[in-house]
Amino acid sequence: MKNMNRLRILLIGQGCNPENVSISLVTFLHAAALAQLHDVTLVAQSSVEAPLRRSKVPFRSIEVVRTPLLDRIYNWGFQWIFKSNYDNQALTGFKCPFSIAFEWRAWRQLRRRIRAGEFDVALRLNPTSPAISSPFAFFLRKGPIPFVIGPLNGGLPSAPGFTQPDKKNFSLRNLYRFMPFSRSTYGYASAIILAASHMRTEFAAYSEKLFFIPENGIARSLCTVDSRNSEHGGKLELIFVGGLVRRKACYLGLRGAASLLRNNAAHFTIIGDGPELKNLQELARSLGMEKAVDFAGWLDHAEVLRRLRTADVVVLPAIREGGGGVVFEGLACGCVPVILDYGGPRDIVHPEVGYKIPATNEDDVVAQIESVLSELARDRELLQRLRRQGMTYARECLTWEAKAKSTTKVLNWVVGRGPKPDLPPSRMARVTCVIDPENTGESSVLRDVAAGV
């Protein structure tokens, strides 16, 4: 008997790849979580076919769209024009025509099946940039199924008041409105899912069909019982994970931790590599704390998770960060996050689980980070409480399963199977943790704070 609760989803995940990193992997994990709940037909480009089939995820089918000539042109441009630099902001503009061509080909390949009623809804997960339009929205403007796009992320400028925020390069982002299908993508979409609250202004005209679902997620298996040694006399273990680029602002974390590091009250592990490495090493030397800082370089994911499980605080004062996957993993592993109140991480961290430092200016941020870290070094009961509440929050709200369930609510609404879901931007940051009095304080329950916060 057919399960009426399962949706037949046509999922556009052009570059989702279980064997890659960043957005490619995030898209795959979201798609895989949806495939546990629904009948998902995944549409992807030929370059990711082999990894997808090796993943053994129970997709209903994997539909491969082959554009060999365009793939060769794109790969050449990425290598020789953009020097294989994913951080180049102009790369999004370069991707636009290739993505449009991919979806055009996908439509021609699947349109008969769509019109025959094989699917209930179309969902584009990838690309995630709002600057890359979707022909599917136009093709489905009169049905037979609704079109949903997102979670979308991007377009975040660097926080003002910080040195060298961004290079002043010509950006193609503002030209996306002139690309084919740019207006119809959001005008004809039945729902638009945003991954960060900073995008609300850009999509204010579509407020009635906007929903917030974070870009990242975590595996439930990460949410294990905390086994740290909670000795009060130990050093405060700090950790940074990410590319060593200026926008990640690891230098702010080092400056903020300097007094604790010099006094042998803390240890700082920096995992990652990049053009800022030498500057950070010199900063550690100039502040007299190089012996308390470990530059570990790139580590495999399993080792990163092991390090997070032994750390106390994950420091990410990024001045431009759309997602902040390490914040999710840090919470799940029992690290208290200290972040800048800016970009994607600000939507996830709230006072019950971590600290958001106002994005004012460098000296003020450094002073506030120093104050927070000093408080956590002194008050280990506070550290332990935030740690427990963060792990509960991660387990209940930040898993891929939770993300898939939120997405399901949106999809059920657009197909007429459920009420409009309550998923406004920044809802995650309105969750509070309350110690359960019947469980001697060892577990927590979650609730939303009053509306309007």
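**View 1. Overall fold of the predicted model.** Of the contacts (heavy atoms within 4.5 Å) in the protein with a separation of 6 or more, 71% join residues 24 or more positions apart. This is a predicted model: local features need pLDDT of at least 70, side-chain atom pairs count only at pLDDT 80 or more, and totals for chains, interfaces and linings use all residues. Residues are numbered from 1 along each chain as its sequence is written, and side-chain values use heavy atoms, without hydrogens and water. The protein has 13 helices and 15 strands (DSSP runs, H or I of at least four residues and E of at least two, numbered from the N terminus). Of its 453 residues, 54% are buried (under 20% relative accessible area, 1.4 Å probe, protein chains only).

**View 2. The open six-stranded sheet.** The strand order is S10-S9-S8-S11-S12-S13, with parallel pairing (strands pair if DSSP finds at least two bridges between them). Strands S10 (293-297) and S13 (355-357) are the edges; each pairs on one side only. The twist averages 20 degrees from one strand to the next (angles run from 0 to 180 degrees between N-to-C directions, with axes fitted to C-alpha atoms, for helices over the stretch in contact). Helix H11 (residues 362-378) packs on the sheet, touching S8 (236-241), S11, S12 and S13. The direction of H11 makes about 160 degrees with that of S13.

**View 3. Surroundings of Thr 185.** Thr 185 sits in helix H6 (residues 182-187). Thr 185 is buried, at a relative accessible area of 0%. Its side chain reaches the backbone oxygen of Phe 181 at 2.6 Å. Not counting residues up to four places away in sequence, Thr 185 touches Ser 133, Ser 134, Ala 137, Phe 147 and Ile 149.

Key. Buried < 20%, exposed > 50% of the residue type's maximum accessible area, 1.4 Å probe, protein only. Polar contact = N/O pair within 3.5 Å; in protein donor to acceptor, adjacent residues only side chain to side chain.
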